[in-house]
Amino acid sequence: MQDFACGRLTYDGHKGVDFRLTDLAAMRRGVTVVAAAAGTVTRTRDGVADVSIRQSGRAPEGKEAGNAVVIDHGNGWETQYSHLLQGSVTVRPGDRVEAGRPLGRIGLSGNTEFPHVDFGVRRAGQGIDPYTGRVIGTTAQDSPALPAPALPACNSDGGIPIGALWSDQARRTLVYRPSALLGAGLARETPKADTARDGGYGQPLPAGPGPLGVWVELMGGRRGDAVTVEAIGPNGQRLHRLTGTVPRPLAVLFINADIRPPNADPWPTGVYRVMVTLRHEGETVLQEERRVELR
């Protein structure tokens, strides 16, 4: 399995492009989904609850796409926008839309574990990869002729070449990121992945005695990547340092650890830093920090 940049941010049988949010807090703040091109709305669905299949176990039968919109662009081309937020769909079948017209908001409906919109492109009923212009699952040799020239199987430099289905502006915006920091912070307990993804470890956090945990969630870790997590106190003292190696390609990696207070003292007030470094084959590909205030 390879994505358009020869990476592993995909899985077998997936026929769309996922644009995800970092957490449920971002979903609740609201992120608008817009039409990629002009066309006519042919199908819509709303009313499916926003529930991760981690909790529900499965999507409602026949509603795996959740709340969704399908647009016909003519000449056999159509796009689909899936997993929209319940109650957010703003168009109806028969509506004529222009590029950029709001359709709804990113949600968690249907067969999904995290808030995102699944953007699908089809021509004559076949899924098309907008990064290559080819029918999904085919090579350049056996893909049928398309208006856009068929591109190589993958582009290891991560650039989106001219000839892909994206506009020039989209090509510049959608720079490939093999790895990304989804979130990091502190918690007044042993951090839990579901709580972190729900935005439950907001700030400021209470200072004083009691447990303190550090957490990090990474996207797109590649086998052998070296991860370093450091927690720095308000006085610049390093409170914790964790190092490890990604054992296999992972869509998402959640790391947590408990931190003991120096000399069993209460945690002082101030701004703490969580520093995350990811190295691939000796090269630093990600180095970011998140700040958390304790009061």
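Of the 295 residues in the protein chain, 44% are buried (under 20% relative accessible area; exposed is over 50% and partly exposed in between, with a 1.4 Å probe and protein chains only). The model is predicted: local features need pLDDT of at least 70, side-chain atom pairs count only at pLDDT 80 or more, and totals for chains, interfaces and linings use all residues. Residues are numbered from 1 along each chain as its sequence is written, and side-chain values use heavy atoms, with hydrogens and water left out.

**Exercise 1. The chain as a whole**

Task: State how many helices and strands the protein chain has, and what box its C-alpha atoms fill.

Solution. 
- Step 1. The protein chain has four helices and 17 strands; these are DSSP runs numbered from the N terminus, helices being H or I of at least four residues and strands E of at least two.
- Step 2. Along the principal axes, the C-alpha atoms fill a box of roughly 70 × 45 × 35 Å.
- Step 3. Among contacts (heavy atoms within 4.5 Å) with a separation of 6 or more, 66% join residues 24 or more positions apart.

**Exercise 2. A charged residue, Asp 23**

Task: Locate Asp 23 and say what its side chain has around it.

Solution. 
- Step 1. Asp 23 sits in the loop between strand E1 (17-20) and H1.
- Step 2. Asp 23 is buried and has no salt bridge (a side-chain nitrogen of Lys or Arg within 4 Å of a carboxyl oxygen of Asp or Glu).
- Step 3. Arg 29 is the nearest side chain of opposite charge, 4.7 Å away from Asp 23; Lys and Arg count as positive and Asp and Glu as negative, while His and the chain ends are not counted.
- Step 4. A polar atom of the Asp 23 side chain lies 2.9 Å from the backbone nitrogen of Ala 26.
- Step 5. Not counting residues up to four places away in sequence, Asp 23 touches Pro 115, Ala 196 and Arg 197.

**Exercise 3. Aromatic pairs**

Task: Classify the ring pairs Phe 119 with Trp 166 and Tyr 201 with Trp 215.

Solution. 
- Step 1. Rings of Phe, Tyr and Trp (its six-membered ring) pair if their centres lie within 6.5 Å; planes under 30 degrees apart count as stacked, over 60 as edge-to-face and the rest as tilted. This rule gives eight aromatic pairs.
- Step 2. Phe 119 and Trp 166 have ring centres 5.8 Å apart and planes at 35°, so this pair is tilted.
- Step 3. Phe 119 is in strand E8, and Trp 166 is 47 residues apart from it, in the loop between strand E10 (134-135) and helix H3 (168-173). Both Phe 119 and Trp 166 are buried.
- Step 4. For Tyr 201 and Trp 215 the centres are 6.4 Å apart and the planes at 45°, so this pair is also tilted.
- Step 5. Tyr 201 and Trp 215 are both buried.
- Step 6. Ring pairs join Phe 4, Phe 19, Tyr 81, Phe 119, Tyr 131, Trp 166 and Tyr 176 in a cluster.

**Exercise 4. Salt bridges**

Task: Say how exposed the partners are in the salt bridges Glu 61 with Arg 58 and Lys 192 with Glu 189.

Solution. 
- Step 1. The structure has 16 salt bridges.
- Step 2. Glu 61 and Arg 58 have their closest N and O atoms 2.6 Å apart. Glu 61 is exposed at 62% relative accessibility, and Arg 58 is exposed at 55%.
- Step 3. Lys 192 and Glu 189 meet at 3.5 Å, N to O. Lys 192 is partly exposed at 44%, as is Glu 189 at 27%.
- Step 4. Arg 43, Glu 78 and Arg 122 are linked by salt bridges into a network.

Key: A polar contact is a pair of N or O atoms within 3.5 Å; within protein, one must be able to donate a hydrogen and the other to accept it, and residues adjacent in sequence count only if both atoms are side-chain atoms.
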